[in-house]
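Notebook open, model loaded. I'm jotting down what I look up as I go.

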Amino acid sequence: MNKTIKKILSGLALVLCATSVLSEKAGNEPDFAVIKVSEGIYMLLSGGGNVGLSIGEDGVVMIDDSMPPFLDKLTRTIKSISDKPIDFLINTHLHRDHTENNESFSQRGIRIVAHENLRTSMLTKGLKLYDKEGPMPKAALPVITFSHAISFHLNGEHARVFHVKNAHTDGDAIIHFQNSNVVHAGDTFFNGLFPYIDLANGGNIEGYIAAQQKIIDLSDDQTKIIPGHGPLGNKKKLQAARDMLIDSKNIISTLIKNGQSEEQVVKANPLNKYHENWNWGFITTEKMTRQVYKSLTE
Ligand SMILES: [Zn+2]
């Protein structure tokens, strides 16, 4: 991956840890980059996770909503593409860099759609998900949930939103725009970056690999794949991510079978060969090693 992009992404990871600092800086930055993925489908580099948009004669469907420091810029950027109001907002999963503007968008009358486990987590874990105290405001919750899949028939599209079990979290949704041959993978795909597998919220390396395989199986060489983080991807890029993950799992699994502790594995640095191309600020090679070890042992 381009070193400049990697630097930017590392910066974004720091943002996740230091939202208040970012909120002061956000006002001076230019509005977000808009990537036209296909006719009527856009990807926005939102300052949080990558936002997706389906825009057409029937209205606007938005996928993920970034974080409060970026809300004004996000709204301006969307307005620059379409004057139409947003009708639906799909959350790909519960993390704050994809959902923390839920309340603001819902107060504008936008209906939030998500997997049922995401709603349950928001109700049971509340604002702890955002490192804050107290219950999640009602307005931030999805009002339409699904267990396996739900389809949107808008803008000449058949957009199938489907759940993959225990991958990045336990409430992941992937959106497949079947007519346009575009997929929004949420955080089941970090393009060119070590992925984050959120074990505490139901993520698992086996499920993560299975989710990626599912997207690969429905893709062809022309499919455009919007990752949760990183630049616009395709089948080849996703295959590279899956191959790296399978290999990392096999390497660490062998060390576990040989009786090595987490600390011994970290010291041996068995993923060193992936360091140059996949390490980044949020998921370093050490963090990647630890999360794979933990996912295989806990
Ligand atoms: Zn995430």
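Predicted model: local features only at pLDDT ≥ 70, side-chain atom pairs only at ≥ 80, totals over all residues.

**Zinc site**

I started with two histidines: H93 and H95 are both buried, where buried means under 20% relative accessible area, exposed over 50%, and partly exposed in between (1.4 Å probe, protein chains only). Residues are numbered from 1 along each chain as its sequence is written, and side-chain values use heavy atoms, with hydrogens and water left out.

Which atoms hold the zinc ion? I looked up its protein donors and got H93 (NE2), H95 (ND1), H168 (NE2) and D187 (OD), at 2.1 to 2.2 Å from the zinc ion. Donors here are N, O and S atoms within 2.8 Å of the metal (3.2 Å for Na, K and Ca); water is not among the atoms, so sites may look incomplete. Along the sequence the donor residues follow the spacing H-x1-H-x72-H-x18-D.

Then I checked the geometry. The 4 donor atoms of the zinc ion make angles of 85 to 171°, and the site comes out irregular. The cut-offs: four donors are tetrahedral if all angles lie between 85 and 135 degrees; four are square planar and six octahedral if opposite donors are over 155 degrees apart and all others between 65 and 115; anything else is irregular.

**Confidence**

I checked pLDDT, the predictor's confidence in each residue from 0 to 100. The protein chain has a mean of 91, with 90% of its residues at 70 or more. Residues 13–30 stay under 50, and there the model has 20 contacts beyond four places in sequence; a contact means heavy atoms within 4.5 Å.

**The chain overall**

I got 11 helices and 13 strands for the protein chain. These are DSSP runs numbered from the N terminus: helices are H or I with at least four residues, strands E with at least two. Of the 298 residues in the protein chain, 54% are buried. Among contacts with a separation of 6 or more, 65% join residues 24 or more positions apart.

**Salt bridges**

I found 12 in the structure, each a side-chain nitrogen of Lys or Arg within 4 Å of a carboxyl oxygen of Asp or Glu.

R96 pairs with D131, closest N and O atoms 3.0 Å apart. R96 is in helix 4 (residues 96–99) and D131 in the loop between helix 6 (116–124) and strand 7 (144–146), so this pair links distant parts of the chain, 35 residues apart. R96 counts as buried because its relative accessibility is 14%, and D131 counts as exposed because its value is 66%.

E100 pairs with K132, also with closest N and O atoms 3.0 Å apart. E100 sits in the loop between helix 4 and helix 5 (102–107) and K132 in the loop between helix 6 and strand 7, so the pair ties together parts 32 residues apart in sequence. E100 is buried at 10%, whereas K132 is partly exposed at 39%.

E262 and K294 come to 3.1 Å at their closest N and O atoms. The pair joins helix 9 (residues 262–268) to helix 11 (residues 285–297). E262 is buried at 17%; K294 is partly exposed at 28%. I also see E262, E263, E286, R290 and K294 linked in a salt-bridge network.
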